[in-house]
Amino acid sequence: MNDDVDWIRLGRYLAGECTRGEADEIQRWIESDPAHTRLVEQLRAAWQVGATPTTTWDTPAAWRRMVARLRSRETQKGLTLVRGGRQLGRGPARAAVWAGAAAAVLLALGGGFWWIQSRVPSGSVGAVPAPLREVRAPIGQRAQFQLTDGTRVLLGPGSTLRYDTTRYGGSIRELLLDGQAHFTVAYNPHRLFLVRTARTVTEDLGTEFAITDYAADSAGVVVVASGTVAVRSVAADTTRPATLLRTGDQVRLDPAGRVTVRRGVDLRSSLAWTEGRLVFTDTPVGEVVTRLNRWYGADVRLGDPALATLRFTAAYGAVSEATVVRELATAVRGRVLRRGSTTLIVPLSSHQREN
Amino acid sequence: MSLTQAADEARRLQEEPEAMEAIRAGDSSAFETLFRAYHAPLCSFAYRYLGARDLAEEIVQEVFLCIWERRESWNVRTSVRSYLLTAVRNAALSYLRHERVVRRREAEVRDFHEIVAASPEVRALEAETVVAVRQAIGRLPDRCRLVFTLHREQGLTYAEVAEVLGISPRTVEVQIGRALKSLRKGLASHRP
């Protein structure tokens, strides 16, 4: 029976894509044989079922997220510099007015103090500075705490997290990070979770990820342990889409806005710091020293700048700074010199020059 | 397509140029209308490519964000619907191109028990038949299933399906024909 059926024509017939003449012909064919009639009946069933969507989507929640993200992008563009209540620089950019509360502008100043400014809907800027809560992990230590919505944060050494306690938990849960942090975000589709660093903006629903963006580093890095996040570069123009990351994905954003994505990274290594382990995988020695100093609150320096580009691979649990320094020195064929609180790693061959 | 659906569709197509003009001018409520109208079908479409709900939603969000960011120069050649579907398809393919890890398709089995917003014709069918058809659709080869879904679920014409997928209308016809043949076989084996 299947052999003499013109499936393509039947398709056109059911789709309403055939001419009047063709439709009549097919109609006659259908009526000519009860088997044909039955066939088309079955096909109609399939045709109808095919039109029904099989999944439901929460569009109202998605719209709220969309508004939150659009507002957060606006504030990025319409920055107004404020220092001590006085307005500097250019005025606010023309922005769309979204239904709901007035947009808030979160500002970063190089000197390290932060203000929040509320933008009145009419477009004029009124400065209502509100101090931010600050949580800090000193160099040599990490700090763990929980935010009001249940999000858990682990700060890496030498890192600071700032946020407005009165606004956190509103339509946008917004945080400012300087340094390194691991987030286990409490799931809430109605409240966008957003972290800003000097180089990155990461938006998320409810997932587990870590950001590393220290001022001294060459780039910001975001790695996802589970769930999905969207990461944008602060430097990039907001018309470019964000980078979507899922479990095991990592993105590196440099100050120029260049984006490098790696998928399927070794999470145990990338997130080793959250478990109190130090892991180096083919890491340039210059970076090893920077991380060592942060981790231990040490002052290790390289006696010869040429050492900085060598590579080092090692993994440590709970060990002393002295052990790591000693092994690093050995790996670069150097030795350790102590000068007061400073530790110097010098190449072996410099022995003659020492006085 | 029923008469009321056709009338809605005709009205929407007539109103499209005004809606687009409003969005270009920065009218956020026109943008909201667009978002609410197309969000669900676009997510379903993205889901067909990506096999993961959260990713599908994020891709659709990014498409809308881009439209808003570039609204001043936003223009579509045919219809808003095919523009949006093409944009979502491109974004999904772009994502898949960079993905090394094999993606796991979320089990479509759990969807079988949701008969969502079914038309009276579908509600009249037995639940078993609906399940059997859904399974048969799920077993169609990828390209065939995409064409069938775009035409049926998204309501595109053959020409629009061809445009969104970047294939010829003849290929669309052939794929729909193949889909019908496979579905019929699937149904025939289900019924006693």
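In chain B of this predicted model, helix α2(B) meets helix α4(B) through B:Y38, B:L42, B:F45, B:A46, B:Y49 and B:L50. On the α4(B) side, the partners are B:L84, B:L85, B:V88, B:R89, B:A92, B:Y95 and B:L96. By class, this contact has 12 nonpolar residues, no polar residues and 1 charged residue. Helix α2 spans residues 28-50 of chain B, and helix α4 spans residues 80-97. Their axes come within 10 Å and cross at roughly 30°. The crossing is right-handed.

Helix α4(B) also packs against helix α3(B), which covers residues 53-69. Here the axes come within 10 Å and cross at roughly 125°. Angles from 65 to 115 degrees count as roughly perpendicular and those over 145 as roughly antiparallel. The helices α3(B) and α4(B) are therefore oblique to each other. Their crossing is right-handed. From α3(B), the contact draws on B:I59, B:V60, B:E62 and B:V63. From α4(B), B:L84, B:A87, B:V88, B:A91, B:A92 and B:Y95 take part. The contact of α3(B) with α4(B) comprises 9 nonpolar residues, no polar residues and 1 charged residue.

Chain A contributes a strand pair. Strand β21 (residues 334-339) and strand β22 (residues 342-347) of chain A run antiparallel. They are joined by 6 bridges. Within the pair, A:L337 stands opposite A:L344 of β22(A). The two strands form a hairpin with 2 residues between them. In this hairpin, A:G340 takes a positive phi near 65°.

Definitions and conventions. Residues are numbered from 1 along each chain as its sequence is written. Chains are lettered from A and ligands numbered from 1 in the order in which they are written. This is a predicted model: local features need pLDDT of at least 70, side-chain atom pairs count only at pLDDT 80 or more; totals for chains, interfaces and linings use all residues. Axes are lines fitted to C-alpha atoms, for helices over the stretch in contact, and angles run from 0 to 180 degrees between N-to-C directions. Helices (H or I, at least four residues) and strands (E, at least two) are DSSP runs, numbered from the N terminus. A crossing is left-handed if the near helix is turned anticlockwise from the far one by less than a right angle, and right-handed if clockwise. Two residues are in contact if their C-beta atoms, placed from the backbone, lie within 7 Å. Ala, Val, Leu, Ile, Met, Phe, Trp, Tyr, Cys and Pro count as nonpolar, Asp, Glu, Lys and Arg as charged, and the others, Gly among them, as polar. Two strands pair if DSSP finds at least two bridges between them. Angles under 35 degrees count as roughly parallel, over 145 as roughly antiparallel, 65 to 115 as roughly perpendicular and the rest as oblique.
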